[in-house]
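Please read them with the sequence and the model side by side.

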Amino acid sequence: MSQTHTVLDPATGRPVAEVHLATEAETDAAVEAAHDAFGAWRALAPGDRAALLRRFAAVVDAHVEELAELEVRNAGHTRANARWEAGNVRDCLNYYAGAPERLFGRQIPVAGGTDVTFHEPLGVVGIIVPWNFPMPIAAWGLAPALAAGNTVVLKPAELTPLTAIRLGELALEAGLPPRVLTVLPGRGAVVGERFVTHPLVRKVCFTGSTAVGKRVMAGCAEQVKRVTLELGGKSSNIVFADADLAAAAAAAPYAVFDNAGQDCCARSRILVERAAYEEFLGLLEPAVTGFRVLDPAEESSEMGPLISATQQARVQSYLDGASVAFAGTTPGGDGFWVPPTVVTVTDPGERIWREEVFGPVAAVLPFDDEAHAVELANDTEYGLSGSIYTTDLGRGLRVARAVEAGNLSVNSHASVRYWTPFGGYKSSGLGRELGPDAPMAFTEEKNVFIAH
Ligand code: NAD
């Protein structure tokens, strides 16, 4: 098997770069080097570790445009999104640079002595990243892991290694000691699997498909290895008849077609209260047909191509035979394009309603009342995110509490802020990333009793 991967520009299908894929022996060497670097990194004074992370953030900030340009060409992300994503890396680093001096333990009253707790770093953390958001998902793992005193080996997805490789270089430029952060492009079955089986990797932080996530979890069980899983989703956008329908319809395309629908939080199931169904669809159509699907390098582009020909064919397979209500357009050409498409569904057993399409496809289904909406929203193996549109705040909160998912928004489709927790219920994942507690997930809590 070839030890290189040809990175393609998804907007044109043309080669962009040739990337070496690490072997198992190279992975072992990187893990051992990261383990060797761990002692000095954890021993660094908290303020010094914080200062290095802030320097890393500053260097990323100085390279936002360069990183964004790489992502436009490597992943087909729109320029505006790619810029946001590079900024998100900077922001995560800055936010978690506040953590080293704040990894507080507790003092717990006991008889005959003093009891204190400590949050100790784990050692080497292996981070496995998917192709849909290469920069943010890398940062959500590496920033809190490094802040808590761990060293990191990070495997980008085969299709999208370029920004991760550059971030590894920028870390060194910022002054992080060598091997504190190692970026290892490679195959999932080689590098990813080795993170799972290598005994010196003490935690695996995996983001990707539910199928591979289950396998990673089962592999980690062998060593009782710590694991965080951020997996698939099939989230609902619930629109009640009392909602500001124009606002809900204007927002709905962004909730599912952003990043060409290759978003684990995509609200790909639109549930509309029957009384407002026709009116809502009438408002949704111009919002979808007007969605600007353009060359992602153009400043005004709102949606680019899919990541690969394989993904394009996979998404297309869901549309064959589907009841398409309306669709947008694409620039065409040799890239991996699929237009934003809305399909109507009558039976919640339909494949397009149940499976994660991971493309620019929204399925719409009417519901009768609040209880019916919650029942339909929860009728899925997934539980990552969701939206509720209503002007009744009580109902908004009630439904947000009733939907079994980790990230709900009322009258909004925002799911991700680096300072609020993120993660899934059910088959959407295990553990939480981001938010104030993320560094704790990269530590062991130790209890020490000192006899008086
Ligand atoms: P994938 O599971 O195929 O790959 C994800 C990563 O795992 C890649 O780096 C891949 O090389 C690696 N991998 C593959 N086989 C492996 C193995 N046997 N052992 C260890 N690592 C292995 O997923 P994908 O197609 O790249 O990404 C799309 C999926 O990711 C979607 O299902 C999406 O919902 C999910 N996702 C979830 C979140 C979230 O936060 N919940 C975020 C983004 C993407």
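1. Leu-434 is placed in the loop between β17 and β18, and in this model, which is a predicted one, the residue counts as buried because its relative accessible area is 3%, where the limit for buried is under 20%. The phi of Leu-434 is near 60 degrees, a positive value in a residue other than glycine. This deserves a remark because most residues other than glycine have a negative phi.

2. Lys-426 likewise has a positive phi, of about 45 degrees, although it is not a glycine. The residue is found in the loop between β16 (407–410) and β17, and with a relative accessibility of 36% Lys-426 counts as partly exposed.

3. The loop between β17 (429–430) and β18 (443–451) also holds Ala-441, which is partly exposed at 30% relative accessibility. Which residues does Ala-441 touch, if those up to four places away in sequence are not counted? They are Leu-122 and Lys-203. Ala-441 and Ala-145 are 296 residues apart in sequence, yet the distance between their C-alpha atoms is 8.2 Å.

4. Lys-203, one of the residues touched by Ala-441, also lies over the face of Phe-442, at 4.7 Å from the ring centre.

5. Tyr-418 and Trp-419 form another edge-to-face pair, so described because their planes are at 70 degrees, with the ring centres 4.7 Å apart. Trp-419 is partly exposed, at 43% relative accessibility. Together with Tyr-95 and Tyr-96, the residues Tyr-418 and Trp-419 form one aromatic cluster.

6. How do the helices α2 and α5 run relative to each other, roughly parallel or roughly antiparallel? Helix α2 (residues 46–62) packs with helix α5 (residues 134–147) at an angle of about 155 degrees, and their axes are 10 Å apart. The two helices are therefore roughly antiparallel, the limit for this being an angle over 145 degrees. In the contact, Arg-49, Leu-53 and Phe-56 of α2 meet Leu-142, Ala-143, Leu-146 and Ala-147 of α5, and these residues divide into six nonpolar, no polar and one charged.

7. Thr-207 has its place in strand β8 (residues 201–207) and counts as buried, at 8% relative accessibility. Leaving aside residues up to four places away in sequence, Thr-207 touches Ile-128, Val-129, Pro-130, Ile-137, Glu-230 and Glu-433.

Technical notes: Residues are numbered from 1 along each chain as its sequence is written. This is a predicted model: local features need pLDDT of at least 70, side-chain atom pairs count only at pLDDT 80 or more; totals for chains, interfaces and linings use all residues. Side-chain values use heavy atoms; hydrogens and water are left out. Rings of Phe, Tyr and Trp (its six-membered ring) pair if their centres lie within 6.5 Å; planes under 30 degrees apart count as stacked, over 60 as edge-to-face and the rest as tilted. Buried means under 20% relative accessible area, exposed over 50%, partly exposed in between (1.4 Å probe, protein chains only). A charge sits over a ring if NZ of Lys or CZ of Arg is within 6 Å of the ring centre and within 35 degrees of the ring normal. Axes are lines fitted to C-alpha atoms, for helices over the stretch in contact, and angles run from 0 to 180 degrees between N-to-C directions. Helices (H or I, at least four residues) and strands (E, at least two) are DSSP runs, numbered from the N terminus. Angles under 35 degrees count as roughly parallel, over 145 as roughly antiparallel, 65 to 115 as roughly perpendicular and the rest as oblique. Contact means heavy atoms within 4.5 Å. Ala, Val, Leu, Ile, Met, Phe, Trp, Tyr, Cys and Pro count as nonpolar, Asp, Glu, Lys and Arg as charged, and the others, Gly among them, as polar.
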